[in-house]
Amino acid sequence: MSFTITGVIDGPLPGGLPKAIQLFALEDIADLSIYQLGSPNNGNLGGTPEFDFPAVTVAAGTTIYVASESVEFANYFGFAPDYTSNVSSINGDDAIELVENGVVEDVFGEVGVDGSGEAWEYLDGWASRNPSEGRSTTFTLSEWDFSGPDALDGATSDTTSASPFPMPSLAMPTALFISEYVEGSSFNKAIEIYNGTGSNIDLAAGNYTLELYSNGSPTPSHSFNLAGTIADGDVFVLANSGADAAILALADETGANGVINFNGDDAIVLRKDGAVIDAFGQIGVD
């Protein structure tokens, strides 16, 4: 599971450039040459790798780009691709396969299907794997985000595009942190905290607190002492007690003494023993 496809782009520059495949190292890779890429074009069946990665080491958290060429890729993104290969000569309707030690271990798109007109088409656009999803040999549409066809038309660079290509964020930090902030209609409000520390955490024993800073206040309007245990790699959800049943079903804690009563413009702070360890928003700013 150390290497995965995280995105694919069919760009807006002349010739449909840049064309590139984005990959991400979830763990340290001692020898990248165990991996290969294939792009079954126009609905062709896969299984034939077209690009061999070199025998190099790769550190966890590294993003790698394999582009069809380097000049227009650099013009669009502002940096050079890591590798160039015809495997990335894709047209917005082609699938991608990642091979490890001779076995297909990850795919984007439906191999054997021409993607034109399909929900996963990315002509003059991009597709990006959801951060919470790992690699899979079965393509599942809901595990990906899409710009939609022609979303990049008229763009001359990624930084000025109305639909910039997402950067991977699959490697969770080795910390306890705020991972999601939900401010829905009425009382549909929730905060999710993720445990990436490598061990289970007793929130009460660790003296963890969550604070709400309302309307740009420099001091907290509400504070809540957290309790319960978060297993390593799991989440802890706090929801407003008036939220819909679907949200409450996910909650580990409800009410939270007014903390989960924000309005989409309020800061949230997570503390341990009084020290800030993570924050959403800017304290003192509406």
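The model is predicted: local features need pLDDT of at least 70, side-chain atom pairs count only at pLDDT 80 or more, and totals for chains, interfaces and linings use all residues. Residues are numbered from 1 along each chain as its sequence is written, and side-chain values use heavy atoms, with hydrogens and water left out.

The protein chain holds 2 helices and 20 strands. Helices (H or I, at least four residues) and strands (E, at least two) are DSSP runs, numbered from the N terminus. The C-alpha trace spans about 55 × 40 × 35 Å along its principal axes. Of contacts (heavy atoms within 4.5 Å) between residues at least 6 apart in sequence, 61% link residues at least 24 apart.

An open sheet of 4 strands runs in the order β4-β3-β7-β8, with antiparallel pairing. Its edge strands, β4 (51–52) and β8 (103–108), each pair on one side only. Pairing requires at least two DSSP bridges between two strands. Strands β3 (residues 35–38) and β7 (residues 96–100) are joined antiparallel over 4 bridges. Q36 has V99 in β7 as its bridge partner.

Of the 286 residues, 45% are buried, meaning under 20% relative accessible area (1.4 Å probe, protein chains only). The accessible surface (Shrake-Rupley method, 1.4 Å probe) comes to about 12,500 Å². Carbon and sulfur atoms account for 48% of that surface.

The chain carries 6 positive and 41 negative charges, and their mean positions lie 8 Å apart. Lys and Arg count as positive and Asp and Glu as negative; His and the chain ends are not counted. Charges are placed at NZ of Lys, CZ of Arg, CG of Asp or CD of Glu.

Conventions
Buried < 20%, exposed > 50% of the residue type's maximum accessible area, 1.4 Å probe, protein only.
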